[in-house]
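Reader: Hey, I've got this model open on my screen and could use a guided look. Can you walk me through it?

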Amino acid sequence: MEHNQRPEVPKAGRTVTHKVLSLLTTFEEPRRSFTLTELADAAQIPLSTAHRLVNELVEWEFLSRTPQGRYQLGLRLWEMGQNVGRQLRETARPFIQDLYSFTGETSQLAIRDGREVLYIDRVYGTERVPRASRVGGRLPMHSTAVGKVLLAFEEDWLSEAYLRQPLDQVAPRTVTNPGLLAEQLEQIRTEGFSVTNEEQRPGACSIAVPVFHTGRIGSSIGLVVASEKASTLTRHLATLKGVSERIEAATARIPLETLLGSHR
């Protein structure tokens, strides 16, 4: 099941937990706030039930109410979300900042979460580049450079299972042919890096390298730049590999499961 898909449960058999999660996952949409009616419709629950549950979520600070009477995510959820990949993020952050300092380009750190890439840190460059992700955001692995690197260096069974699933066309240039993607993954294993050009969003291209942890793939770091710079991406390869090695050395004594939490 994809991260943004809700499990099919008969309405008569839906628990209170299911209803609450249906309300909260509504906020995975790009919109930042919703009316009570919009939340009830999205969660497919009666307005009276939504009113009761939303009020409780506000009391617990998982949601907050704007002066206009709309609802948005509360600070408590944001605080809890900071614990995701926290040890890796805090250890790697100085190196991600160095990566930005050396290149001047948007620099990011990502891990695999199921079938998706989860971005756990990012330093934005000053150049305007179409943004397809944010810290805490998820994207399909096959449409991003960091995702392809993670997929290429995972265990064979995982990449093979991924290739057997439908590959979403998220942009006009997204690779959706499993045979072609398999060839790209093999090339990434050989060359040690991945490059994508407008596969996630028109106007942006990226380059990424793996970060290993005692021989196992742990995360990926990458740069995102404007498409007109696509031909110059590989000039940053030495810097990317150098930063990757520094992160690997800094995390070598931390068990991978501790480093990444449950995101494997």
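Author: Let's start with a charge over a ring: Arg115 sits over the face of Tyr162, 4.5 Å from the ring centre. Keep in mind that this is a predicted model.

Reader: OK. Which ring does Arg122 lie over?

Author: That would be Tyr119, with Arg122 over its face at 5.8 Å from the ring centre.

Reader: Now the big picture. How many helices and strands are in the protein chain?

Author: Ten helices and eight strands. The protein chain has 264 residues, and 45% of them count as buried.

Reader: What about the accessible surface of the chain?

Author: It comes to about 13900 Å², and 51% of that belongs to carbon and sulfur atoms. As for contacts between residues at least 6 apart in sequence, 58% join residues at least 24 apart.

Reader: Let's go inside. Which residues touch the most other members of the largest nonpolar core?

Author: Leu109, Ile207, Ile221, Leu240 and Ile247, out of 23 residues in that core. At least two residues of this core come from each of helix H5 (86-103), strand S3 (106-113), strand S4 (116-123), strand S7 (204-213), strand S8 (216-226) and helix H9 (237-250).

Reader: And which one supplies the largest share?

Author: H5, with five residues.

Reader: Pick one of those residues for me. What does Ile247 touch?

Author: Leaving out residues up to four places away in sequence, Ile247 touches Ala92, Phe95, Ile96, Val211 and Ile221. There is also another core apart from this one, made of 21 residues, including Val117, Met141, Leu181 and Ile217.

Reader: Which way do the side chains point from S3?

Author: Thr106, Gln108, Ala110 and Arg112 point one way, Ser107, Leu109, Ile111 and Asp113 point the other way, and all are buried.

Reader: Why that every-other-one pattern?

Author: Because side chains in a regular strand alternate between the two faces of the sheet.

Reader: Got it. In what sense do S3 and S8 pair?

Author: Antiparallel, over five bridges. Leu109 stands opposite Ile221 in S8, and both of those residues are on the list of core members that touch the most others.

Reader: How many bridges between S3 and S4?

Author: Seven, again in the antiparallel sense. Asp113 has Glu116 in S4 as its bridge partner.

Reader: What happens in the hairpin of S3 and S4?

Author: There are two residues between the strands, and Gly114 takes a positive phi near 65°.

Reader: Switching topic. How many aromatic pairs does the structure hold?

Author: Three. One of them is Phe27 with Phe34, an edge-to-face pair at 5.2 Å centre to centre with 90° between the planes.

Reader: Are Phe27 and Phe34 buried or exposed?

Author: Both are buried. Phe153 and Phe212 also make a pair: their ring centres are 5.3 Å apart and their planes are at 90°, so this pair is edge-to-face.

Reader: Where do Phe153 and Phe212 sit in the chain?

Author: Phe153 is in helix H6 (residues 145-153) and Phe212 is in strand S7, 59 residues apart, which makes the pair a link between distant parts of the chain.

Reader: Is Ala171 buried or exposed?

Author: Ala171 counts as buried, at 5% relative accessibility. Arg173 counts as partly exposed, at 46%.

Reader: What do they touch, leaving out residues up to four places away in sequence?

Author: Ala171 touches Glu198, Glu199, Gln200, Arg201 and Pro202. Arg173 is in contact with Asn197, Glu198 and Glu199.

Reader: And the C-alpha distances?

Author: Ala171 and Gln200 are 29 residues apart along the chain, with their C-alpha atoms separated by 5.5 Å. For Arg173 and Thr196, 23 residues apart in sequence, the C-alpha to C-alpha distance is 9.4 Å.

Note on methods: Residues numbered from 1 in each chain as written. Predicted model: local features only at pLDDT ≥ 70, side-chain atom pairs only at ≥ 80, totals over all residues. Heavy atoms only, no water. Core = buried A, V, L, I, M, F, W, Y, C linked by side-chain atoms within 4.5 Å. Buried < 20%, exposed > 50% of the residue type's maximum accessible area, 1.4 Å probe, protein only. Helix = DSSP H or I, 4+ residues; strand = E, 2+ residues; numbered from the N terminus. Contact = heavy atoms within 4.5 Å. Pairing = 2+ DSSP bridges. Areas by Shrake-Rupley, 256 points an atom, 1.4 Å probe, with all protein chains shown as cover. Phe/Tyr/Trp six-rings, centres within 6.5 Å; stacked < 30°, edge-to-face > 60°. Lys NZ or Arg CZ within 6 Å of the ring centre and 35° of its normal.
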